[in-house]
Each structure stands twice: as structure tokens, then as C-alpha cells.
Amino acid sequence: MIIGVISDTHGTLPLKAAAAMAECDHIIHAGDICDPGILRELRAYGPVTAVLGNNDYDEYGPDVRRFCKTTLGGLRFLVAHYPQDVEIGPFGNRAVSPGDPIPQVCVHGHTHVPRILTGRDARPANLLLCPGSASRPRGGFPASVAKIVVEDGRVTDAWVESLRDGTILMRMND
């Protein structure tokens with residue numbers, strides 16, 4: 001299963017971002033969608049999980065909220081726009097209460113700067129990922145999206161790719 005991850009489209013879905021998401025089995029949008037048409041277009045490619053960003057409102061319907069806990073490919077995912085909403089401390093966080101199952105994969109947007117954390121840096125999750133921004137990159141990075149490969153209930157690969165030329169900007173375990 002290939003899961004496409006996109007964030008911070010801010011009302012624009014670049015053609016290269018749409019093409020990258022079209023080859024995925026499931027799409028996650030980590031907020032700042034800024035146009036309901038973007039989710040409609042992404043849904044034409046397959047199932048979409050989306051959360052609200054700081055520039056979004058309730059215009060996307062009841063399935064798009066501040067946090068999303070879902071299971072994809074046998075893995076527990078937590079998706080939120082803000083990084084602090086997926087970074088889980090000993091007492092949980094706004095999305096995860098003490099005693100709740102720990103998500104294995106955490107996805108966020110908001111910073112417009114891609115990152116992939118694994119191991120100790122991602123704990124208690126196994127993977128923490130931000131795809132950067134598909135429309136307004138920051139931090140010297142180009143516009144980007146991410147992909148997560150799930151096989152037999154585990155992440156076997158994850159990377160962030162440039163929308164400029166398709167190069168891999170960072171990869172899990174690099």
C-alpha cells in the first residue's frame with residue numbers, strides 16, 4: 001500500500017502534486033487545504049483522510065476535523081496540522097489521552113518544512129512525518145509531498161519528494 005501525504009496546499013493543487021497523489025492507494029492531507037475543490041480532486045484518485053489547518057474552516061464536512069485517528073494498512077495513524085498535536089509526551093497530548101492506543105505513524109503539516117523522524121526521535125510513534133508544502137515551501141526546500149509504503153502492517157519505506165523534479169529530498173533511515 002502506498003500512502004500519499006500532502007499538506008499546506010493553500011487553495012492550490014499543483015499539477016505535479018496531483019500526479020504524485022494519483023499513484024497512491026490512499027491520500028492524507030495534513031491541513032491548510034483552503035479550497036473544498038482540492039479534496040474533491042484528490043478523492044477522484046482514491047480515499048482521502050484530511051484534517052483542518054489554521055486557515056481552514058468547517059466547510060469540508062463532518063469527516064474533516066482538527067485530528068484524525070485512523071488505521072491504514074494495519075497501522076494506527078494520527079494526523080493533525082500542528083506538529084505539537086502529533087508529538088506525544090508521557091501524559092499524551094491534545095489528540096491522544098493516557099491509555100489510548102499509541103499511533104504508529106504521526107503526520108503533520110503547518111511548518112512547510114519537510115521532516116522524517118524515526119526511532120528514538122519519533123517515540124512513542126515509529127514514524128513522524130511532515131511532507132512540507134505543496135504550494136508554499138519554506139526553509140530552502142522546494143514544494144514537496146511525501147509517500148509512505150506499508151507492507152504486512154509495517155512501514156517499509158517513507159520519503160519526501162520534490163515537486164520540482166521528483167528527486168527524493170529525504171528518506172526514512174537516511
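Helices (H or I, at least four residues) and strands (E, at least two) are DSSP runs, numbered from the N terminus. The model described here is predicted, so that local features need pLDDT of at least 70 and side-chain atom pairs count only at pLDDT 80 or more, whereas totals for chains, interfaces and linings use all residues. Residues are numbered from 1 along each chain as its sequence is written, and side-chain values use heavy atoms, with hydrogens and water left out.

H81 is placed in the loop between β5 and β6. Its relative accessible area is 1%, and H81 is therefore buried; here buried means under 20% relative accessible area, exposed over 50%, and partly exposed in between (1.4 Å probe, protein chains only). The side chain of H81 makes a polar contact of 3.0 Å with that of N54. A polar contact is a pair of N or O atoms within 3.5 Å; within protein, one must be able to donate a hydrogen and the other to accept it, and residues adjacent in sequence count only if both atoms are side-chain atoms.

Salt bridges (a side-chain nitrogen of Lys or Arg within 4 Å of a carboxyl oxygen of Asp or Glu) number 7 in the structure. One of them pairs D85 with R66, with 3.1 Å between the closest N and O atoms. D85 is buried, at a relative accessible area of 1%, while R66 is partly exposed, at 35%. A further salt bridge joins the side chains of R65 and D58 at 3.3 Å, N to O. In this pair R65 is partly exposed, with a relative accessible area of 36%, and D58 is exposed, with 56% relative accessibility.

The side chains of E161 and K147 also form a salt bridge, at 3.5 Å from N to O. This pair links distant parts of the chain, as E161 belongs to strand β10 (residues 154–162) and K147 to strand β9 (residues 144–151), 14 residues apart. E161 and K147 are both buried. Through shared partners, salt bridges join E23, K147 and E161 into one network.

Strand β10 also contains D157, which is buried at a relative accessible area of 18%. The side chains of D157 and R171 are joined by a polar contact of 2.8 Å. Beyond residues up to four places away in sequence, D157 touches K147, I148, V149, R171 and M172, a contact being heavy atoms within 4.5 Å. Strand β10 runs antiparallel to strand β11 (residues 168–171), and 3 bridges join them; two strands pair if DSSP finds at least two bridges between them. R171 is the bridge partner of W159 in β11. The hairpin of β10 and β11 has 5 residues between the strands, and G166 in this hairpin takes a positive phi near 80°.

A nonpolar core is a set of buried Ala, Val, Leu, Ile, Met, Phe, Trp, Tyr and Cys residues joined through side-chain atoms within 4.5 Å. The largest such core has 23 residues, of which F77, I148 and V155 touch the most other members. At least two residues of this core come from each of β1 (2–6), β4, β5, β6, β8 (127–130), β9 and β10. Neighbours within four places in sequence aside, the contacts of F77 include I3, I28, C68, L72, V105 and I148. Another core, of 21 residues, lies apart from the largest one and has L13, A18, Y60 and V64 among its members.
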